[in-house]
Amino acid sequence: MTTRRSLVAGLLLAPAAIAAPKHPEKEEAEVGPAEDLMREHGVLRRVMFLYDEAAHRLEHGEKPPLDAVAAGAGIVRKVIEQYHEKLEEKFIFPRMEKARKLSALTATLRKQHEAGRTVTAGILQQCGGSDGAALAKLLRSFNRMYRPHAAREDTLLFPAFHDLVGEKAYKALGEMFEAEETKQLGHEGFEGAVAQVGKLEEQFGFADLDQFTP
């Protein structure tokens, strides 16, 4: 009769029999169009936080790192205005307008894209000037518009768009967005933008997130 001890001994002598099962490598999770756009809103919000701090310092007679403010505006221009918003204007807004869904919201979002580009141009211009009050006003104006703008897109526009196009078209758009990201932002893409914002946060002294814990 086989005892438990002899069975254990047999297993120890046959390591191949108890080798850990092999698992296939995990595939990279797919990111849908809305999630992609929301992640870019995260980059925008991190730049906006720096805008808030820069405006606060200017309003109190202090000088923020203007090179970092200008670099933040550069990220907004490249990642948000020239890439993110162009995707919305090319792929999302027309479908919503054709279906007559959220028409008033879409019209306002289009108008705010144009206004945002004007404000960003002003921020970049003022970063090289000496009018701190004018720069602070532009930074406040940008943030006041884009906070509700991004929030409406995240909570109203993107969910409605997902429901409208269906899963097959939605997945196809995700692949198109990924290809466009590489084309417009390079191989570093979204991750490169996140790394750039992290360096700007260091210039402001905001690298440690725990400092904001109440």
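Let's start with a pair of helices: H2 and H6 run roughly parallel to each other, because their packing angle of about 20° falls under the 35 degrees that sets the limit for that description. Keep in mind, as you look around, that this is a predicted model.

Two packed helices are described by the angle between their axes and the distance between the axes. For H2 and H6, the axes lie 10 Å apart, and H2 passes H6 in a left-handed crossing. On the H2 side, the contact is made by Arg39, Glu40, Val43, Arg46, Val47, Leu50, Glu53, Ala54 and Arg57. H6 answers with Phe190, Ala193, Val194, Val197, Gly198, Leu200, Glu201 and Phe204.

Glutamate 191 is partly exposed, with a relative accessible area of 48%.

From here, let's move to the core. The largest nonpolar core has 50 residues, and the elements giving two or more residues to it are helix H2 (33-59), helix H3 (66-98), helix H4 (103-126), helix H5 (132-185) and helix H6 (189-204). Inside this core, the residues with the most contacts are Tyr51, Val69, Ile92, Ile123, Leu139, Phe142 and Leu157.

Setting aside its neighbours within four places in sequence, tyrosine 51 is in contact with Val69, Gly72, Ala73, Val76, Ile123, Leu139, Phe142 and Asn143.

How values were computed. Residues are numbered from 1 along each chain as its sequence is written. This is a predicted model: local features need pLDDT of at least 70, side-chain atom pairs count only at pLDDT 80 or more; totals for chains, interfaces and linings use all residues. Side-chain values use heavy atoms; hydrogens and water are left out. A nonpolar core is a set of buried Ala, Val, Leu, Ile, Met, Phe, Trp, Tyr and Cys residues joined through side-chain atoms within 4.5 Å. Buried means under 20% relative accessible area, exposed over 50%, partly exposed in between (1.4 Å probe, protein chains only). Helices (H or I, at least four residues) and strands (E, at least two) are DSSP runs, numbered from the N terminus. Contact means heavy atoms within 4.5 Å. Axes are lines fitted to C-alpha atoms, for helices over the stretch in contact, and angles run from 0 to 180 degrees between N-to-C directions. Angles under 35 degrees count as roughly parallel, over 145 as roughly antiparallel, 65 to 115 as roughly perpendicular and the rest as oblique. A crossing is left-handed if the near helix is turned anticlockwise from the far one by less than a right angle, and right-handed if clockwise.
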